[in-house]
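Here is a quick tour of one chain, written for someone who likes to know the cut-offs. Have the viewer open while you read.

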Amino acid sequence: MRANLLSASMLQRSTSRRGFLKVSAAVGGGLLLHATFPPLARAAAASSSPDESASAINAYVRIAPDGIVTIMSKNPEIGQGIKTMLPMLIAEELDVDWANVRIEQAMLDPAKYGRQFAGGSMATPLNWEPMRRVGAAGRQMLVAAAAETWGVPAAECRTASGIVSHSASGRKLRYGALAAKAASLPAPDMMRVALKDSKDFKIIGQPIHGIDSPLVVTGKPLFGIDVKLPGMLHAVFEKCPVFGGRIVSANIDAIKALPGIHDAFIVKGGTDPHGLVDGVAIVAESWWTANRARETLKVVWDEGVTASDSSVEFARRAAELAKSAPAQSLRRDGDVDTALAGAAHVVEAAYAYPFLAHISLEPQNCTAHVHDGKAELWAPTQNPGPGAELVASTLGIAVSDVTVRMTRCGGGFGRRLRSDFMAEAASISRVTGTPVKLLWNRQDDIQHDFYRPAGFHFFKGGVDASGKLIALRDHFVTFGQGDQVADSATMDPGEFPARFVEHLDYGMSILPFGVPTGPLRAPRSNAMAFAFQAFIDELAHAAGRDPVEFRLALLGEPRALPDLSPQKNPLRSFDTGRMRAVLERVAQKSDWAKRNLPKGSGMGVAFYFSHLGYFAEVVQATVAPSGSVKVDKVWIAADVGSQIINPSNAENQVQGAALDGIGAALGQAITIERGRTVESNFDTVKPLRIDQAPPVEVHFLTTDHPPTGLGEPALPPVIPALCNAIFAATGKRIRKLPIDPAELKQA
């Protein structure tokens, strides 16, 4: 999930050198297309990392004699709609009716499909063109088969709705009748096949419901938690409540003596939460029995050095660090001290945000069957390849002996990029010798997460007499070990408004800690947007300027600024014109300058560029005398390129991200005390309730840029927009999350 993307030109160069198509006949006389885009060289993908280097892209198409087209969806489905979207790209270029398309979830098969993962909003940019080429290649072969059958030039043939026709003679043949012949023809050059003009799209751009939606809404078995196998047992796994703790002893014999318990045993793993850690496994004929037995479990833990960690102490040490110069300089332009000394208005503020859990509705689970030196797993995972590798290393077997069947995920948000639960299930199954379903309860899920890192920003900014921002300083206090910043706890030296302020100083200090962290929807951006866009709002008001107009002035004239990250990815260059456009659009759609609101209500604005998406958002909120916050409405303008592939799903993604962000701002925080997580369920980590969900109005701007993803970039701006709306309503600044109604309560 870390920012690490492959440029379109890079992708195209690689596929043009080595892409190929395998063709064969399907059982029963159909056509099989197996398109392969071999691994992209890591050296060429300068921005690649183990998490995000999409090393290969495959597709697999099967056309049956009856014309039904089956398309394998190769990536995990975590609710972002990829299982429907990728086949749409293939079906469009194949030129078939969507009603004749069937979709199947692929298994993990790197040799066939390359890297299979869900994360970073990368499915669209990585697959937009390659998947269309798969479909286009298939269409070309079917046309060739028809032309050969009729003895006419292929150029005289046309396709539509799964039929090849020859206008001059009026002859027509369905794909199903041509599939077997097409399978005998040589494969075309993947990079030379003609792609449709967007004006001819019939499937792309149409609102199509998710292929799994009927199963989801009717409660049919679909998710990992639904897996059932003959002879399957159920397991729970108790781990040390303190991160990094080791097991000393447990009352195993007493647990094993309980009715319905099949087995109980100590697992000696380690202290790295990314793999198998120490714990106690309880296996029973039902999960309920296993979990009830857990209530009588008595374990002696060696809690280790992390037992002294606490959120209160983190905040105290951050404030202490802020009194000194940052340990590291991230970026320095001009002379901030001199500029601040000459500023007409100076604003100083400390911002803080908490650790966050992922709280996916389906808790972590995995069903495993380890036998005869092999492991078979059914897992709701975002990252099945590394999951298989972890299981193989944990069990001491070859990766080729691990089979992973991907189930639909009941939410992911980055949590299921980690595979600890897969290693646990496989290890328990190896002991029992039976299929075992491991299911975490809600407390396990919240207290053993890889959290969005907390962070602290100590800002000082100045505007001149004309209302122009002339100086900005941020001392960012984050977490890590030594000089190494923790996962997802970094700050980009180019963080806006870097390069838009003449005098700027970004510095960073690192707090040591033992809390596991990782990516959470819009990693890093979900925190930075809050701190920077809320402080910019403070500066706008200090300057006496309208917050939208202040931001437009900061952006300046349309221009593209290069990516400043070490990867220098051209796709991450910042286009001020695209940002200006979405900001102007959302101001227009929300009646920003015209709306007359009653006392206690206000509107706030923010924008943010992340995961290649440009988003500007306006929130209208009302604060009651009791301090409770009601979000009245959200307006969103977005630019994610030239094509919205599935408008229905796209709107859902944007709305869901905005509601997710509002929920995090209003009621979510993970608190650390004595090295362990205090919160344990949805009563203390509160997802947005239905009656709290506001209407979210979404407007897409289409531009002449490659399509990009939507799972993440809509979230970051909604949090500062909400906080800025609360200021407009009450005059009180929200500088610490989650929003505390007590601080907004009127005296």
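In which helix does Arg-578 lie? Arg-578 lies in helix H16. Helices (H or I, at least four residues) and strands (E, at least two) are DSSP runs, numbered from the N terminus.

Some ground rules first. This is a predicted model, where local features need pLDDT of at least 70, side-chain atom pairs count only at pLDDT 80 or more, and totals for chains, interfaces and linings use all residues. Residues are numbered from 1 along each chain as its sequence is written, and side-chain values use heavy atoms, with hydrogens and water left out.

**Around H16**

Arg-578 has a relative accessible area of 11%, so Arg-578 is buried. Buried means under 20% relative accessible area, exposed over 50%, and partly exposed in between (1.4 Å probe, protein chains only). Not counting residues up to four places away in sequence, Arg-578 touches Tyr-614, Asp-639, Val-640, Gly-641, Thr-703 and His-705; contact means heavy atoms within 4.5 Å. Ala-593 sits in the loop between helix H16 (576–589) and strand E26 (601–610). Ala-593 counts as exposed because its relative accessibility is 75%.

**Two helix pairs**

Helix H2 (residues 82–94) packs on helix H4 (residues 123–150) at an angle of about 35°, with axes 6 Å apart. Axes are lines fitted to C-alpha atoms, for helices over the stretch in contact, and angles run from 0 to 180 degrees between N-to-C directions. Residues of H2 in the contact include Met-85, Leu-86 and Leu-89, and those of H4 include Trp-128, Met-131 and Leu-142. By class, the H2 and H4 contact has twelve nonpolar, four polar and three charged residues. In this count Ala, Val, Leu, Ile, Met, Phe, Trp, Tyr, Cys and Pro are nonpolar, Asp, Glu, Lys and Arg are charged, and the others, Gly among them, are polar.

Helix H14 (residues 525–542) and helix H18 (residues 718–730) also pack at about 35°, with axes 8 Å apart. Among the residues that meet are Phe-530 in H14 and Phe-727 in H18. That contact splits into seven nonpolar, four polar and one charged.

Strand E21 (residues 469–481) is mostly covered, with eleven of its 13 residues buried. Strands pair if DSSP finds at least two bridges between them. E21 pairs with strand E20 (residues 455–463) in the antiparallel sense over eight bridges, and Phe-459 has Asp-474 of E21 as its bridge partner. The E20 and E21 hairpin has five residues between the strands, and Gly-467 in the turn has a positive phi of about 90°. Strand E23 (residues 503–512) runs parallel to E21, joined by ten bridges. Two bridges link E21 to strand E22 (residues 484–485), and these two run antiparallel.

**Salt bridges**

How many salt bridges does the structure hold? The structure holds 42 salt bridges, each one a side-chain nitrogen of Lys or Arg within 4 Å of a carboxyl oxygen of Asp or Glu. Here are some of them.

| Pair | N to O distance |
|---|---|
| Arg-62 and Glu-104 | 3.1 Å |
| Glu-92 and Lys-196 | 2.6 Å |
| Lys-374 and Asp-401 | 2.8 Å |

Both Glu-92 and Lys-196 are buried. Arg-62 counts as partly exposed because its relative accessibility is 27%. Arg-332, Asp-337, Arg-473 and Asp-505 are linked in a network of salt bridges.
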